[in-house]
Structure formats: C-alpha cells, structure tokens
Amino acid sequence: MQQTLESKISTIRQKFIGILRERLREFQILREKIQTGREATEALKELQFSSHKIRGVAATLGFGHLGDLAAISEQDVTTVLASPDWHEGTSRIATSLSNMIAEIANILEGQQGKPC
Amino acid sequence: MKILAVDDDEIILELLKETVACSGFEDVTLASSGQEALQYIKTSPVPFDCFLLDIQMPHMDGVELCSRIRAIHAYKKSPILMITAMSDKQYVDRAFAAGASDYVTKPFDVLELGTRVTIASRLVDELKQAEQAKFENVTLKERLEHRTRHEVSDPLPIEDVDGFLDYTAFENYLLLQSRQGHFTSGLIALEIENIGEIYSRTPAEDFYYLLTDIGEAISDTFRGKFDFLSYRGDGIYVCAFNRGRSPFSDETASDLRLAIAELYLIYGSGEPMNVTINIGEQVAPGIFSSPGSLKNLFKAIDNLHHIQTTQKIDVATLLKPRRKQMPWRSKILKNVGRAS
C-alpha cells in the first residue's frame, strides 16, 4: 500500500511542479506590479490567494521550505492589506515574494534533466 | 464508505482522493466548490457517509457548507472533517460550532489523514448499526425507547443546545489545540452526583431529556463565558473556555443552582430527584502539556474526585414541586410530538 501511495504522490508532485512553472512567471509579474504600485491591490490579493494554495500543499509533496516561505508571504500580505496605510509594507512583501520566487526557481532547476 | 471531498484546489483534491483510496476508501466524489458539493448531495442516489471540506473557498466557504450539510436531516450525524490551512482559533471555533467533527490542518500528513478517515469510518459503521436497530422496532414508543437505550456511561449527544458538541468532536477540538500548541482552552468538569440513582429510576427517554435540560441550564448560566460544552457520560459535563475567562464563580454557581432548581426535577412517583451538581477545580491551559494528548481533559474530570463542600450545588432544599405538570415533562411531550 505504501509503495502505491508513494508512486501516486510522486505523480501529483510532478503535476505540482508543472503548476510551479506557471506560478514562477505569475509571481515575477506580481512582484513588478507591487513594486511599481500598478494595480497593486489586485496583485496583492492574487498573491495572497496563490501563497495560500502553495502553503496548503507544498510540504505534503515534499517541499517544506517552499511551504514555509509561502506561509510568510501569505501572512505578510494579510497584515499589509489589513493596515490602513499598506503601501509602506510593500517592500517587505516584495522581499518575501522574492524569497519564494528564488525557492521555486531552485526547485525547477533541481528538476531539470529528471524524467517526468 | 462513500466520501465527498470539496476543495477549490485541484492538486489537493487529487491528494485527498489518493490518500483515502490507499486507506481502503475508493468511493470518493470530488467537488471544486460548495455549490457543486450541494448539487452532488442533492442528486446522489446513494447518500454520502463522510465529508472532507476545505474552509477557504470562493463564494461559499467550507464553514457555511458544513452548516448547510448539517441542516440536512440525513447528514445530522455524518462525520465532517475540515481540511484546511486556516489554523487560527476563530476559524477552528467557527468550524466546530457549524458542526465539524474533526479538523485537519494543511499541509497534512498523508498517513495521519488516512488514520483520521478510518476513525470516521468506524463512526459511520456505528451510525448505520444504530439506524438499522431503529427499524427493528415496531411502535413509536418502542422506537423512542430504543433510540435512547444506552448505558449510564454513554456520551449522549446533547442536541439543539447552544455550545454543545458531540463528545468525539469535543475531544478532537482539544486534540487539535494540543497538537498546534498555540492556543489552548481551560477546562472545567461538572457532575451530577447521584446520576446512578437517577439513571436506574428514570425511563430512557426521560433520562435523555433530563440530561438535555441540565445541559441547557449549564449553557444558559455560562453563556458568553465558554467556547464549547459536551456531555461525557456518567453524568459528567465538560466545559472548554478561553484562557483567562473562567466561567465559574460564586455568582455563576448560584445562578446554576437556581436554574437547575427551577427545572423541578422529580421521578415518576412525584418524589424529588435531589440533584446535586459537583463542579471540579478548573484546569488552566498549560504550555507544558504533552502535544496530541487529552491530559488536561482527564485532569479536569479527575478533579471531580476532590470536591470540597463549597463546590457542591445541592438543589434539594430548593425543590418545591408545586406544579403537577413539570416544565421538563412538558418539554418531553413536546419533543415526542415532534418526533412523531
């Protein structure tokens, strides 16, 4: 049973990595929007949603560090959005988002050359 | 066991399906929203046995979905496991208050989730056996008697009283706190001292409504001062309250005494029940509690064995059976009427 579960999770893991590839591009665009203030509110909400999703599943699929970074990102966005003058917190969000982007890039790099 | 899993994340749905399938539960229906889930529930020719719900979903969140499922008579007692990344106390409390049976935080451990679903399946088996037994009786009276035929030690669910959780859900609520460690409840146990005598002298159905009425008196007296209550069996009620907001004081003890006295509890012969409620010493939340244990709950119950006379609420002296038709008996008749 254990072997079956592991092989099934491995398949889901590959699918998740495919989603991370899309997220990487989206996160880079979101970071730019947040830093420039262009459509920043929508960008923050989108980031909060995506971070929440990654936080909920990453560790189960073996990406614990990415899950931790996503949790930080989600928390930062939630705090900033709740603040009346949230523009001051955007640099902190940009930092936590950059850390998440770097970790995703790291994961994808580690996957290069591996069979799907 | 027929399972309905609801999450707006496709990856999580796949994980849930494979995880529970590997524990032997392959009949899993997947829904990506609350609306879709309700549609499946409405149209499924065979009822679902168990639900796995995410909390944070667009349009209808998992807590609202949980309430809607509980409002359907067939799913009043079905296991509902919340599977969510939302671990704040407010979300946990909302979920249990809406009728959740258990709460699993994401990211989840696949083996642990399998275990929790297996535990839920045992509950489903028990529910099915109880349902089957119900149909074996013929008359309404027999059905009512059979429905509540139980041991004095059974943790009967107190229904339709504010703040009461089924005892399994109450334990799961405390276990979750213990595992997470970042919020913990204080606990107090209360006990009907002469429960053995009351049980032996009271018909099963009346005994159930007696427990409900005393539960309601406790809930009303402690209103706003507790998170959840539960009935543990053997005449013992347990109360979880927020850190630093103990519901117990001389004033509330006095109010509880009055509330129970006003129930005018008597046996069928007209003799007063002489109910005495013992209130154990509260167990404060401790940061050194073992994670994943119910140690504090057991300690709160154990404290009932060390009661001082000042913590006893003896209502015998207040009993004045001045009416022939007692209020709690009226309620029984009302409820029986509703059941028929």
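**A loop in chain B, and onward**

Analyst: Let's begin with Pro107(B), which sits in the loop between β5 (102-105) and α5 (110-135) of chain B. Keep in mind that this is a predicted model.

User: OK. Which bond joins Lys106(B) and Pro107(B)?
Analyst: A cis peptide bond. Its omega is about -5°.

User: Where else does Lys106(B) turn up?
Analyst: In the lining of the largest cavity. Chain B also gives Asp7(B), Asp8(B), Asp9(B), Ile12(B) and Asp54(B) to that lining. From chain A come His52(A), Lys53(A), Gly56(A) and Val57(A).

User: How much space lies in the largest cavity?
Analyst: About 60 Å³.

User: How many cavities of 30 Å³ or more are there?
Analyst: The count comes to 1.

User: Which element gives the largest share of the cavity lining?
Analyst: That is α2(A), with 4 residues.

User: And what's the lining like by class?
Analyst: It has 6 charged residues, 2 polar and 2 nonpolar.

User: Let's switch to pockets. What is the volume of the second largest pocket?
Analyst: About 390 Å³.

User: Which residues lie nearest its centre?
Analyst: From chain A, His52(A), Glu74(A) and Thr78(A). From chain B, Gln56(B) and Met86(B). The lining of this second largest pocket has 19 residues. His52(A) also lines the largest cavity.

User: Which elements supply at least two residues of that pocket lining?
Analyst: In chain A, α2 (40-57) and α3 (64-82) each do. In chain B, α4 (89-97) does. The largest share, 6 residues, comes from α2(A).

User: How many of the pocket's lining residues are charged?
Analyst: 5 are charged. The lining also has 7 nonpolar and 7 polar residues.

User: Back up a bit. What is chain A made of?
Analyst: It has 4 helices and 0 strands. Along the sequence the pattern reads α-α-α-α.

User: What box do its C-alpha atoms fill?
Analyst: For chain A, roughly 50 × 25 × 20 Å, taken along the principal axes.

User: What about the loop between α1 (2-36) and α2 of chain A? Which residue is found there?
Analyst: Glu39(A) is found in that loop. Its phi is positive, about 50°, although Glu39(A) is not a glycine.

User: Now helix packing. How do you describe two packed helices?
Analyst: By the angle between their axes and the distance between the axes.

User: So what angle do α2(A) and α4(A) pack at?
Analyst: About 40°, with the axes 13 Å apart. Here α4 of chain A covers residues 90-111. Angles under 35 degrees count as roughly parallel, and 65 to 115 as roughly perpendicular. The two helices α2(A) and α4(A) are therefore oblique to each other.

User: Is that crossing left-handed or right-handed?
Analyst: The crossing of α2(A) and α4(A) is left-handed.

User: Which residues make the contact?
Analyst: Leu44(A), Leu47(A) and Ser51(A) come from α2(A). Ile93(A), Leu97(A) and Met100(A) come from α4(A). By class, this contact of α2(A) with α4(A) has 5 nonpolar residues, 1 polar and no charged.

User: Over to chain B. At what angle do α4(B) and α7(B) cross?
Analyst: At roughly 170°. Their axes come within 11 Å, and α7 of chain B covers residues 167-180. Angles over 145 degrees count as roughly antiparallel. That is why α4(B) and α7(B) are roughly antiparallel to each other.

User: Which residues of α4(B) and α7(B) meet?
Analyst: From α4(B), Lys89(B), Val92(B), Asp93(B) and Phe96(B). They meet Ala169(B), Asn172(B), Tyr173(B) and Leu176(B) in α7(B).

User: And the classes in the contact of α4(B) with α7(B)? What are they?
Analyst: There are 5 nonpolar residues, 1 polar and 2 charged.

Notes. Residues numbered from 1 in each chain as written. Chains lettered and ligands numbered in written order. Predicted model: local features only at pLDDT ≥ 70, side-chain atom pairs only at ≥ 80, totals over all residues. Heavy atoms only, no water. 1 Å grid on protein atoms, 1.4 Å probe; cavity = no way out; pocket = protein on both sides within 12 Å on 5 of 7 lines; lining within 4 Å. Points joined across faces, edges and corners; volume = space filled by probe spheres on them. Nonpolar A, V, L, I, M, F, W, Y, C, P; charged D, E, K, R; others polar. Axes fitted to C-alpha atoms, helices over the stretch in contact; angles between N-to-C directions. Left-handed = near helix turned anticlockwise from the far one by under 90°. Contact = heavy atoms within 4.5 Å.
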